[in-house]
Number of protein chains: 2
Amino acid sequence: MNICTYSYEEYLHLVKSFHGNLAPGLIIGGFIVDLAMKHLPEGEFFDAISETTVCLPDAVQILTPCTIGNGWLSIVNFGRFAVTLYEKYTGKGVRVFLDTKKLDAWPEVRDWYLKKKKKNEQNYELLMAQIKEAGHGLLSVQRVQVEPEKVHRKKMGPVGVCPVCGEAYPLKDGASCRNCQGETPYSDVVSVSVLK
Amino acid sequence: MNICTYSYEEYLHLVKSFHGNLAPGLIIGGFIVDLAMKHLPEGEFFDAISETTVCLPDAVQILTPCTIGNGWLSIVNFGRFAVTLYEKYTGKGVRVFLDTKKLDAWPEVRDWYLKKKKKNEQNYELLMAQIKEAGHGLLSVQRVQVEPEKVHRKKMGPVGVCPVCGEAYPLKDGASCRNCQGETPYSDVVSVSVLK
């Protein structure tokens, strides 16, 4: 049993190294990306969509060339456990999702996924064993037509210097940067002198 | 000259492998994360903020344990070229940013960063050489107090099955999932039968 070009054990190792822990969702995510890769439509350049922020983006980043920083991976925060790979120009794609109709054969996965058990009631070993045994059996596949402009990262456009903080920012955001317009997550900022 | 625990050349290799190409912003991003790590406040667990979606999130994901999928990396889309690392409970942090006041010593970096030259007018070799030579010299450091609740990923909360698509989704989103409420990026969806 492989996950893309890796053995199952190699994939677990990559997950631990990149993600920090063997999250069940990321193991299922490996099977999701693997199944999507096996059903790619024709084409050369594929972009990715993760329909949740949790775990799945890391499966995409580990197994495909698509990352958040290069813009080939988009996240739409639907909270659905699904990944779509699509040809970047035509939008023709394949979507693979965790199918709730297939969960009853794997009760530990079902109870974890639908949050029917608290964390301390879950049997992690059994959960991981069922995920491995189920593999693609938890998943279903759809052909989808993506409207790329709905998910693609917007171009930054012309750059200016914010009159408040003095840093460069996209002029399309307004007369000052979004931080200085009040969206800042910082309640206090103090400059530090750094020795060269 | 090192970037965190890697030599400069090792870091370039990691960038190419993860991000796909040697983007100038990701090389500067390496220096940003490196300088932030050298100024960490006291504490054990650090989360990260990237203030842009472009390139910088990948520097964080390559060099720290923080990823999009594990929730320790947050992105605030200010379009500012800055990374903050902060203690996850107290919010005490260090912010490192590309300082526009330091750009004049590095004209090729300045013209690239402020978009004063079109892509075909840029000298990539010179740009990369100036970035390497400048290193931390392009950057400034601030002590910041982060309000973690403004950037942390929200908890998913209770899960239900969407009456429209039949997939699991966070009940806090409403009576159906956000895709089925009309935010979908898909104009067409067709189920596929998969041979086991």
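This is a predicted model: local features need pLDDT of at least 70, side-chain atom pairs count only at pLDDT 80 or more; totals for chains, interfaces and linings use all residues.
Residues are numbered from 1 along each chain as its sequence is written, and chains are lettered from A in the order in which they are written. Local features need pLDDT of at least 70, side-chain atom pairs count only at pLDDT 80 or more, and totals for chains, interfaces and linings use all residues.

**Exercise 1. Describe the side of chain A that touches chain B.**

Step 1. Count the contacts. 61 residues of chain A are in contact with 61 residues of chain B; contact puts C-beta atoms, placed from the backbone, within 7 Å.

Step 2. List the elements. Those giving two or more residues include α1 (8-19), α3 (56-63), β7 (139-146) and β10 (186-192) of chain A. Elements are DSSP runs numbered from the N terminus: helices are H or I with at least four residues, strands E with at least two.

Step 3. Sort by type. This side of chain A holds 33 nonpolar, 16 polar and 12 charged residues. Ala, Val, Leu, Ile, Met, Phe, Trp, Tyr, Cys and Pro count as nonpolar, Asp, Glu, Lys and Arg as charged, and the others, Gly among them, as polar.

**Exercise 2. Find the rotation that superposes chain A on chain B.**

Step 1. Superpose. A 180° rotation with 0.0 Å of shift along its axis does it, at RMSD 0.0 Å.

Step 2. Locate the axis. In chain A, Ile68(A) comes closest, at 4.0 Å (C-alpha).

Step 3. Compare surfaces. The copies meet through the same surface, because 100% of the interface residues of chain A are also interface residues in chain B.

**Exercise 3. Trace the open sheet of 6 strands.**

Step 1. Give the order. It is β10(A)-β7(B)-β6(B)-β5(B)-β3(B)-β4(B), with mixed pairing. Strands pair if DSSP finds at least two bridges between them.

Step 2. Find the edges. β10 of chain A and β4 (73-75) of chain B each have a single partner strand, so one side of each lacks a neighbour in the sheet.

Step 3. Inspect one pair. β6 (residues 92-98) and β7 (residues 139-146) of chain B are antiparallel over 7 bridges. Val94(B) has Arg143(B) as its bridge partner.

**Exercise 4. Which residues does Ile32(A) touch?**

Step 1. Leave out residues up to four places away in sequence.

Step 2. Read off the rest: Ala59(A), Val83(A), Val96(A) and Leu139(A).

Key. Two residues are in contact if their C-beta atoms, placed from the backbone, lie within 7 Å. Copies are superposed by least squares on the C-alpha atoms of residues with pLDDT of at least 70 in both.
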